[in-house]
Amino acid sequence: SPSARKPKTTSPAVSAEEDTVPEKHLSSQFDSELNGVSTRVMEMGGLVESQIRHAIYALSQFSLESVDQVLAIEERVNAMEVEIDHDLSTIIARRQPTARDLRLLLAFSKATANLERMGDEASKMARMVRSIIEGGAPRSLPTGDLRLAADLASGQLRKALDAFARLDVKMAVAILKEDDLIDQEFGGFVRKLITYMMEDARTISPSLDLLFLAKAIERIGDHSKNIAELIIYLVKGMDVRHTSLGDIESAVL
């Protein structure tokens with residue numbers, strides 16, 4: 001079986017050239033397959049980012065139309081996950097890649113799984129917004145604070161996709177740092193909701209809906225963090241999950 005080659009560090013889907021003509025031909029085919037998967041992962045990421053934006057808009061404008069858009073995009077995201085997984089399985093079976101090429105394919109697979117879960121969280125947000133709207137919740141609830149956290153999470157996803165495309169370790173570490181901001185926003189929002197519920201019992205039900213929304217936003221940030229960790233694994237060959245930020249910085253920067 002043909003031997004897969006190492007990709008250049010400037011792109012997750014570009015492999016180094018071969019010395020001999022037959023091997024170069026095989027490497028060119030492999031590069032094309034990797035580029036195809038990379039493009040589809042980025043397309044999927046764009047769809048998920050669109051889901052999050054629509055979910056944020058649905059919350060800020062109490063828009064049922066935006067809720068429906070989020071749920072419609074979910075079907076496309078799920079279909080892309082299945083297609084990408086099939087393509088990856090085919091490449092692994094045909095090419096039997098080793099070392100860094102195998103890490104790259106595994107990173108694609110894990111990134112796709114994280115993107116699909118982000119899409120699930122965006123869909124949960126949309127359904128919760130629908131529940132809030134249909135329940136006639138007061139617009140005085142602190143949705144503005146929640147939109148700030150959602151914008152942070154959306155920005156993190158965008159940075160994670162950009163860092164993954166360029167295999168940018170520095171940006172990956174920056175994403176890990178920013179995840180703490182989302183966690184802080186979540187904690188502050190929970191405290192504010194508790195105050196609302198204590199002051200007016202009528203806000204308990206919609207406040208709980210907002211709490212679930214906040215948790216979904218926090219999880220979106222966690223999945224972007226997972227993608228950042230994948231970048232470090234791919235470039236440095238280090239598994240930094242469950243590792244302190246200080247240790248990660250000292251090891252990879």
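In which helix of the chain is confidence lowest, and in which is confidence highest? The model is a predicted one, in which local features need pLDDT of at least 70 and side-chain atom pairs count only at pLDDT 80 or more, whereas totals for chains, interfaces and linings use all residues. Residues are numbered from 1 along each chain as its sequence is written, and side-chain values use heavy atoms, with hydrogens and water left out. In terms of pLDDT, the predictor's confidence in each residue on a scale from 0 to 100, the lowest value in the chain belongs to helix 1, with a mean of 84, and the highest to helix 2, with 95. Residues 1–10 have a pLDDT below 50, although this stretch has 33 contacts in the model beyond near neighbours in sequence, a contact being heavy atoms within 4.5 Å. Residues 13–25 likewise have a pLDDT below 50, with 29 contacts beyond near neighbours in sequence. Where pLDDT is low, the predicted coordinates should not be read in detail. Averaged over the chain, the pLDDT is 84, and 88% of the residues score at least 70.

Helices are taken as DSSP runs of H or I with at least four residues, and strands as runs of E with at least two, numbered from the N terminus. A salt bridge is counted where a side-chain nitrogen of Lys or Arg lies within 4 Å of a carboxyl oxygen of Asp or Glu, and by this rule the count comes to 14. Side chains of opposite charge can pair when their charged atoms come close. One of these salt bridges joins E33 and R95, whose closest N and O atoms are 2.9 Å apart. Because E33 lies in helix 1 (residues 21–61) and R95 in helix 2 (residues 64–95), the pair ties together parts that are 62 residues apart in sequence. With residues classed by relative accessible area as buried (under 20%), exposed (over 50%) or partly exposed (in between), using a 1.4 Å probe and protein chains only, E33 is buried at 19% and R95 is buried at 5%. A network of salt bridges links E33, R94 and R95.

A second salt bridge is formed by the side chains of E74 and R127, at 3.2 Å from N to O. Since E74 belongs to helix 2 and R127 to helix 3, this pair ties together parts that are 53 residues apart in sequence. E74 is buried, with a relative accessible area of 14%, while R127 is partly exposed, at 43%. Within helix 6, K215 and E218 form a salt bridge in which the closest N and O atoms are 2.6 Å apart; the two residues, three apart in that helix, are separated by about one helical turn. Of this pair, K215 is partly exposed at 30% relative accessibility, whereas E218 is buried at 11%.

Two cavities of 30 Å³ or more are found in the whole structure, and the largest cavity has a volume of about 60 Å³. Its lining includes D145, L146, I182, F186 and E218. Helix 5 contributes most to this lining, with four residues. Seven residues of the cavity lining are nonpolar, none is polar and three are charged, where Ala, Val, Leu, Ile, Met, Phe, Trp, Tyr, Cys and Pro count as nonpolar, Asp, Glu, Lys and Arg as charged, and the others, Gly among them, as polar.

The largest pocket holds about 380 Å³ of space, a volume being the space filled by probe spheres set on grid points that are joined across faces, edges and corners. Among the 18 residues that line this pocket, K225, N226, E229, V240 and R241 lie nearest its centre. Helix 6 supplies the largest share of the pocket lining, five residues, and the lining as a whole divides into six nonpolar, five polar and seven charged residues.

In the loop between helix 6 and helix 7 lies M238, which is partly exposed with a relative accessible area of 28%. Leaving aside neighbours within four places in sequence, M238 is in contact with I232, Y233, A251 and V252.

Key:
On a 1 Å grid over the protein atoms alone, a cavity is a set of points where a 1.4 Å probe fits but cannot get out, and a pocket is an open set with protein on both sides within 12 Å along at least five of seven lines; lining residues have an atom within 4 Å of a point.
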